Amino acid sequence: MNRWKGLAFTLVFAVPAYFLGQYFPIIGGPVFGILLGMVFASVRRPAVLEEGIAYTGKKVLQYSIILLGFEMNLYHVLDTGAKSVSVMVCTLATAFLVAIVVGKLLRLEFKTTTLIGAGTAICGGSAIAAVAPVIEAKEKDVVFSISTIFLFNIAAVFIFPFLGHLMGMSDAGFGMWAGTAINDTSSVVAAGYSYSDTAGSLATITKLTRALMIVPVCLVMAVIMARRKHDDAQGSTFSLKKVFPYFIAWFVVASVVNTTGVLPADVSHFLGQLGKFMIIVAMTAIGLRTNLRSLLRNGLRPILLGLVCWFSVSVVSLIVQHAAGLI
C-alpha cells in the first residue's frame with residue numbers, strides 16, 4: 001500500500017513533467033522530471049511515502065525499459081546495422097574506454113563514469129535508465145549522468161548541422177554521423193531533419209539500431225558487477241543467474257513481439273509511449289530523493305567527462321565512416 005502512495009505522490013510531479021517534455025521536446029520529459037523532483041525534494045513529506053518513491057525510482061525504471069522494446073523493429077535494425085555496425089562498435093568502445101580513463105583521472109566514482117559512458121555510447125537517458133539498476137547506481141549518479149547527457153544533447157542540435165554543412169557532408173554521411181554520435185533520440189531527430197529529410201530518416205533508424213546495444217552492454221555490466229562483488233566477498237560463488245538483468249531479456253522479447261506484428265501497430269506504439277512516460281515517472285522519483293546542494297558541489301567533473309566522451313565519439317564516428325567510404 002505504501003508503494004502506491006509513493007507512486008501517486010511521484011505522479012503529481014511526473015505528469016506536469018510529461019507535458020512540459022511534449023511542449024519542449026529538445027529538453028524532454030525525463031529532464032523536467034528530475035528537475036521538478038529536485039525542486040520539491042527538500043519539501044517535508046510524510047515518511048510513509050519514501051518506500052513508494054524508492055520503488056518507483058528502481059522497479060518502475062526497469063519496467064519502462066521492457067515497454068520500450070515494443071517500438072523496436074528488428075528488420076530495420078538488421079538492415080541499418082549491416083551498414084553501420086563498424087561505426088557503432090568503434091564509437092561504443094571509444095565511449096567506454098574514454099570514460100574509464102578520463103573518469104579515473106577526474107577521480108569520479110565507477111558508477112557515474114559507467115552511466116555517462118553508456119549514455120554517450122548508446123542512447124542517452126534510455127541507456128542510463130537501463131544500466132543504472134544493473135550496476136546498482138545511486139540516485140545522485142543517475143542525476144549527474146542525465147544532466148550531463150542533456151547538456152550535450154542541446155548543444156548537438158545546433159552544432160552538428162552547422163559542422164555538417166561546413167564539412168560538405170552528404171545526407172547519408174550526416175545521418176550516420178548524427179545517429180551514432182548524438183546521444184538522445186529527440187536530439188538526433190531534431191539535428192537530422194534540420195539537415196535534410198533524408199538525413200533525418202537515416203539518423204533516426206541508425207539511432208534506434210544503436211539503442212539495441214543496451215542488451216549486450218547490460219549483460220556485460222551485470223557480469224562485471226558480479227565479479228566485483230565476488231572479489232570483495234572471498235569464498236562466495238559467482239552465479240550469472242542471480243545477477244542476470246531479466247528486464248533486459250523481456251526488452252528483447254518485447255522487440256521480437258513488435259517485429260513479428262502479433263500486436264496491432266497502435267497497441268505497440270501505445271506500450272512504447274507508456275514506457276517513455278514511465279521513465280519520466282522514475283526520473284521524477286530519483287529527483288525527489290536527490291540532494292541538490294550535493295549535486296552542485298560535485299557537478300563540474302561529470303560534465304567535463306561528458307564533454308570528452310562526446311567529442312571523442314563524434315571524431316571516431318567521422319574517422320570510421322571515412323575509412324569505410326561511407327562519407
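Student: In which crossing, left-handed or right-handed, does α1 pass α14?

Tutor: Good place to start! This is a predicted model, and in it α1 passes α14 in a right-handed crossing.

Student: How are two packed helices described?

Tutor: By the angle between their axes and the distance between the axes. Here, helix α1 (residues 2-23) and helix α14 (residues 265-288) pack at an angle of about 115°, and their axes are 8 Å apart.

Student: Which residues make the contact?

Tutor: On the α1 side they include L7, F9, F13 and Y18, while α14 brings F277, I280, V281, T284, A285 and L288. Sorted by class, this contact has 13 nonpolar residues, two polar ones and no charged ones.

Student: Now for the rings. How is a pair of aromatic rings described?

Tutor: We use the distance of the centres and the angle of the planes. The count in this model comes to eleven aromatic pairs. Take F13 and F40: their ring centres are 4.9 Å apart and their planes are at 35°, so the pair is tilted, as that angle falls between 30 and 60 degrees. This pair links distant parts of the chain, with F13 in helix α1 and F40 in the loop between α2 and α3, 27 residues apart.

Student: Is F13 buried or exposed?

Tutor: F13 has 11% relative accessibility, so it counts as buried. F40, at 35%, counts as partly exposed.

Student: What kind of pair do Y23 and F24 form?

Tutor: An edge-to-face one, with 4.8 Å from centre to centre and 80° between the planes. Y23 counts as exposed because its relative accessibility is 64%, and F24 counts as partly exposed at 38%.

Student: Which rings are linked into a cluster?

Tutor: Ring pairs join F152, F160, F174, W177, Y195 and W310 into a cluster.

Conventions:
Residues are numbered from 1 along each chain as its sequence is written. This is a predicted model: local features need pLDDT of at least 70, side-chain atom pairs count only at pLDDT 80 or more; totals for chains, interfaces and linings use all residues. Side-chain values use heavy atoms; hydrogens and water are left out. Axes are lines fitted to C-alpha atoms, for helices over the stretch in contact, and angles run from 0 to 180 degrees between N-to-C directions. Helices (H or I, at least four residues) and strands (E, at least two) are DSSP runs, numbered from the N terminus. A crossing is left-handed if the near helix is turned anticlockwise from the far one by less than a right angle, and right-handed if clockwise. Contact means heavy atoms within 4.5 Å. Ala, Val, Leu, Ile, Met, Phe, Trp, Tyr, Cys and Pro count as nonpolar, Asp, Glu, Lys and Arg as charged, and the others, Gly among them, as polar. Rings of Phe, Tyr and Trp (its six-membered ring) pair if their centres lie within 6.5 Å; planes under 30 degrees apart count as stacked, over 60 as edge-to-face and the rest as tilted. Buried means under 20% relative accessible area, exposed over 50%, partly exposed in between (1.4 Å probe, protein chains only).
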